[in-house]
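Here are my notes on the model you asked about. Have the sequence and the coordinates open while you go through them.

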Amino acid sequence: MTLAPLYPQFADSTTTTVIEEVKRVVRERGLDMRLSTLPPFYDQPEYLDALVASAKPYLEQEFDHLLLSFHGLPERHLHKLDPSGHCLKGDDCCRSASPEVLANCYRAQCLRSAELFAERMGLRPEQWSVSFQSRLGRAKWIEALHRDASRRAGGAGREEAAGDVSGLRRRLHRNPGGDRRPWPRAVRRSRWRKPAAGSLPERSS
C-alpha cells in the first residue's frame, strides 16, 4: 500500500503522525501488507502549478506585497530532527541546508516552496515575503512570526495580499500571531485560499 500524507512540507507533528496512525491500524487489524510512503512534495511542479493557478487571479490585479503565510512550529521540532546541529544556526541556514537536513526541515521546505512559487509567478524579491503563524505557548517558534511580518508588509498606505500556502492549515488567520489586536488600519487584506477541485478561488476583503 502506498501512503500519501497530504502535507507538502514535512513536519513530525503532521506527516509522522499520519504514518504512525496508519501503521497502528495495519497492526491492529493484522493486515499483511507492505507500506510505502510518498515523500514531501513541497518542490514538485504539480503542487507549485496548483498554487500559481490559485493565486494568479489575485496577483494579476494591483497589489503592493504578497505575504506567504505558513503554519508555525516550535523551534525544538526542527532541532529534534537535525542531529547535525545545522538548523537555525544563522539567518541563511535554510539556503545552505544539505539534502539530509532539508529532508526533515519544515522551515527550509517552506522557504523553498515560497521561492519556487515566487519564481513561477515572476515576482521580484521586494514583492513578497514569508511568515509563520499560530504561535502558541511560551516556547520559541520559527520566524518570521506572522504578526511581525504582516506589520512590516502592511506599512503606511500599503495594501497586502495575504495567502496561506501551508498544507498544515487551509484558512487564514483573522489576526496575526494569535493575538486579539486589530490589524493596522493601513493594511487592507486581499486573501486567497486554495480552491476546491473544479472551483474558482473566492475573494474576500
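1. First, the ground rules. This is a predicted model, so to speak: local features need pLDDT of at least 70, side-chain atom pairs count only at pLDDT 80 or more, and totals for chains, interfaces and linings use all residues. Residues are numbered from 1 along each chain as its sequence is written, and side-chain values use heavy atoms, with hydrogens and water left out.

2. Overall confidence: the mean pLDDT (the predictor's confidence in each residue, from 0 to 100) is 76 for the protein, with 70% of its residues at 70 or more. Strand S1 (residues 2-3) has the highest mean, 95, and strand S6 (residues 188-192) the lowest, 46. Helices here are DSSP runs of H or I with at least four residues, strands are E runs of at least two, and both are numbered from the N terminus.

3. Two stretches to treat with care. Residues 167-190 have pLDDT below 50, yet the model gives this stretch 72 contacts beyond near neighbours in sequence (contact means heavy atoms within 4.5 Å). Over residues 193-205 pLDDT also stays under 50, and the model has 27 contacts there beyond four places in sequence. Where pLDDT is low, the predicted coordinates should not be read in detail.

4. Helix H1 (residues 12-28) has 17 residues and reaches 22 Å from first C-alpha to last, close to the 24 Å expected (1.5 Å times one less than the number of residues). Its buried residues are Thr-14, Thr-15, Ile-19, Val-22 and Val-26 (buried is under 20% relative accessible area, exposed over 50%, partly exposed in between, with a 1.4 Å probe and protein chains only). They lie on the same side of H1, because they cover an arc of only 125° around the axis, taken from the directions from the helix axis to the C-beta atoms. Arg-27 and Glu-28 are exposed on the other side. S1 and strand S2 (36-37) are among what covers the buried residues of H1. After H1 comes Gly-30, with a positive phi near 65°.

5. Helix H5 (residues 106-121) has 16 residues, and its end C-alpha atoms are 23 Å apart, which agrees with the 22 Å it should span. Its buried residues include Tyr-106, Arg-107, Cys-110 and Phe-117. Just after H5, Gly-122 has a positive phi of about 70°.

6. Which side chain does Gln-133 make a polar contact with? Gln-133 sits in strand S4 (residues 128-133) and is buried, at 3% relative accessible area. Its side chain makes a polar contact with that of Ser-69, at 2.6 Å (a pair of N or O atoms within 3.5 Å; within protein, one must be able to donate a hydrogen and the other to accept it, and residues adjacent in sequence count only if both atoms are side-chain atoms).
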